[in-house]
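Hi,

Here is the structure I promised to pass on. My notes on what turned up in it follow below.

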Amino acid sequence: MNMAYWDAAMKFFWREESLPVLVMALGLAFLLLHFLREDRKSVLNTLVFFLTCLFLQFVSSLIHALGFTYAASVFHEFALVGAGIAVIRLWGLLAFRILLPLLRIKPPRIAEDIFVIIGYVVWFLVRLRYAGLELGSILATSAVITAVIAFAMQDTLGNILGGLALQLDNSIEVGDWIKVDDIAGRVVDIRWRSTLVETRNWETVVFPNSQLMKNKFLVLGRRTDQPVQWRRWVWFNVTLNTTPTKVVNAVESAILQAEINNVAKYPAPNCVLMEMDKGCARYALRYWLTDLAADDPTDAAVRWHVYTALERASIKLTVEEQNVHYIKESEKYEEALHQRELLRRLKTLKRVELFSQMTDDELRKLAERLKYAPFARGNVIARQGTPAQHWLFIIINGEAEVYLEGANGEKRVLNVLSKGDFFGEMSLMTGSPRVATVIARTDVECYRLDKDAFEEILRERPAIAEEVSHVLVTRRAQLDSALQNLDEATLNSEIHHRHNEVLATIKRFFGL
């Protein structure tokens with residue numbers, strides 16, 4: 001009796017198609033687990049569901065062997081439908097996640113869901129047909145039911161169709177930045193009913209798909225055959241007594257030379273005069289942002305570069321004119337501030353070896369002529385080979401990097417300058433082009449000394465030229481010695497040889 005029981009159970013459970021279906025399911029699962037590492041959990045869940053349905057078919061065979069044939073048939077049919085759903089799911093993953101991407105076809109995820117659902121429906125109808133039901137009557141009945149459901153679920157269906165349309169026509173894609181009304185964020189998922197957008201404030205906004213289809217929205221930073229970047233505007237006001245050419249040149253030259261994170265090199269940033277009203281000229285610095293998540297920090301960095309560029313050019317920012325009554329500080333207070341700043345400049349100048357032989361009165365005259373020159377991080381302070389920049393810079397805060405630029409674009413770092421260091425002495429004294437590039441490693445504050453200011457001192461006491469030339473030659477020879485590993489004798493010979501040449505160049509440059 002036991003053998004007859006097991007024979008009847010196995011005959012009901014294990015059929016001709018059972019082995020090919022089992023091998024097919026296990027083979028599909030193996031391929032998907034190997035190639036789809038990010039979807040392994042989904043594949044494993046589908047495989048477990050298939051094996052569970054297979055086990056339920058075995059249980060139905062045991063019930064059949066006990067003589068409960070009708071119950072066993074119904075139970076077996078449900079398990080068989082479930083196993084078919086699992087196999088269709090595995091085929092869908094193989095086709096849409098592996099085969100089509102190999103052919104460089106990337107259909108939207110909703111398209112995959114639709115085709116898999118169609119497969120489920122077809123498989124269900126096939127099983128109903130095998131169960132003896134007429135498909136015509138089933139389709140007629142389902143059409144009526146579908147119409148009733150569609151009428152009752154208009155909004156839901158609108159969202160589903162909207163999500164399908166958004167993905168099929170590539171209106172938006174996962175990863176796009178969009179703006180709807182006053183909400184901007186990055187698309188992280190497009191579902192059947194809604195689209196999820198993460199804002200910069202760590203908020204997730206759920207937009208019904210029908211809303212996106214019915215209303216206008218902006219896709220930020222996207223342009224055909226162009227990298228993702230978004231134009232930003234940084235506004236500032238300048239007094240009307242400053243010519244637009246001076247403002248535009250000062251700002252654009254600083255921004256174009258600076259290395260600012262997330263600012264595109266092409267299209268190049270540009271400064272434009274937008275309007276003149278209420279006692280001031282309103283300008284905009286327009287640049288293209290490459291990382292749309294870093295809008296505010298990048299705007300802040302660009303503003304700082306604009307501010308430092310205007311400050312170096314002695315261009316003052318302004319606000320709309322208003323009539324304001326104020327009490328002017330006393331002249332005594334203003335003089336105290338001036339003397340405090342002058343004392344600070346004198347201390348700075350005394351630390352510069354180039355001016356070590358100058359008297360206090362001469363240093364005071366230079367201090368009065370120093371110009372405050374701030375630089376934002378990434379600003380190029382001096383460019384190698386640039387002529388007609390007869391300036392000496394003295395660093396009072398921050399760090400700057402000195403490097404040589406090779407013909408092939410390579411950079412060789414020579415030194416890192418910090419508080420108290422100075423550079424540009426050869427350009428100031430001889431008019432020679434810059435021999436190296438200096439760039440701000442951090443925000444840098446400098447004093448800048450121009451040729452005209454130093455020329456007054458030289459004309460009053462030409463002997464200073466002799467002392468300065470000696471310092472220049474020694475300083476340059478020490479740099480060459482470090483670069484070329486010169487011995488002390490060769491170094492002294494080089495200093496003596498160059499001294500007269502540099503002195504003659506200084507006198508000729510200043511017309512002494």
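Trp-14 is partly exposed at 36% relative accessibility, a class that runs between buried (under 20% relative accessible area) and exposed (over 50%), with a 1.4 Å probe and protein chains only. The residue lies in the loop between α1 and α2; helices (H or I, at least four residues) and strands (E, at least two) are DSSP runs, numbered from the N terminus.

Before I go on, please keep in mind that this is a predicted model, where local features need pLDDT of at least 70, side-chain atom pairs count only at pLDDT 80 or more, and totals for chains, interfaces and linings use all residues. Residues are numbered from 1 along each chain as its sequence is written, and side-chain values use heavy atoms, with hydrogens and water left out.

Back to Trp-14: together with Trp-6, Met-10, Leu-19 and Val-23 it makes a nonpolar surface patch of about 490 Å². For such a patch, residues need over 30% relative accessible area and no salt bridge, and nonpolar side chains (Val, Leu, Ile, Met, Phe, Trp, Tyr) are joined within 5 Å. A salt bridge here is a side-chain nitrogen of Lys or Arg within 4 Å of a carboxyl oxygen of Asp or Glu. Helices α1 (2–13) and α2 (18–35) each supply at least two of the patch residues.

Now the rings. Phe, Tyr and Trp (its six-membered ring) pair if their centres lie within 6.5 Å; planes under 30 degrees apart are stacked, over 60 edge-to-face, and the rest tilted. The count comes to 9 aromatic pairs. One of them joins Phe-13 and Trp-14, which are tilted because their planes stand at 45 degrees, with centres 5.9 Å apart. Phe-13 is buried, at 11% relative accessibility.

Phe-393 and Phe-423 are stacked, since their planes are at 25 degrees, and their centres are 5.3 Å apart. This pair links distant parts of the chain, 30 residues apart: Phe-393 is in strand β11 (residues 391–397) and Phe-423 in strand β14 (residues 422–423).

Arg-15 lies over the face of Phe-12, 5.0 Å from the ring centre, and Arg-232 over that of Trp-230, at 4.9 Å.

For the overall picture, the chain has 16 helices and 16 strands, and buried residues make up 38% of its 512 residues.

Best wishes

Conventions
Patch = residues over 30% accessible without salt bridge, like charges linked within 9 Å, V, L, I, M, F, W, Y side chains within 5 Å. Areas by Shrake-Rupley, 256 points an atom, 1.4 Å probe, with all protein chains shown as cover. Lys NZ or Arg CZ within 6 Å of the ring centre and 35° of its normal.
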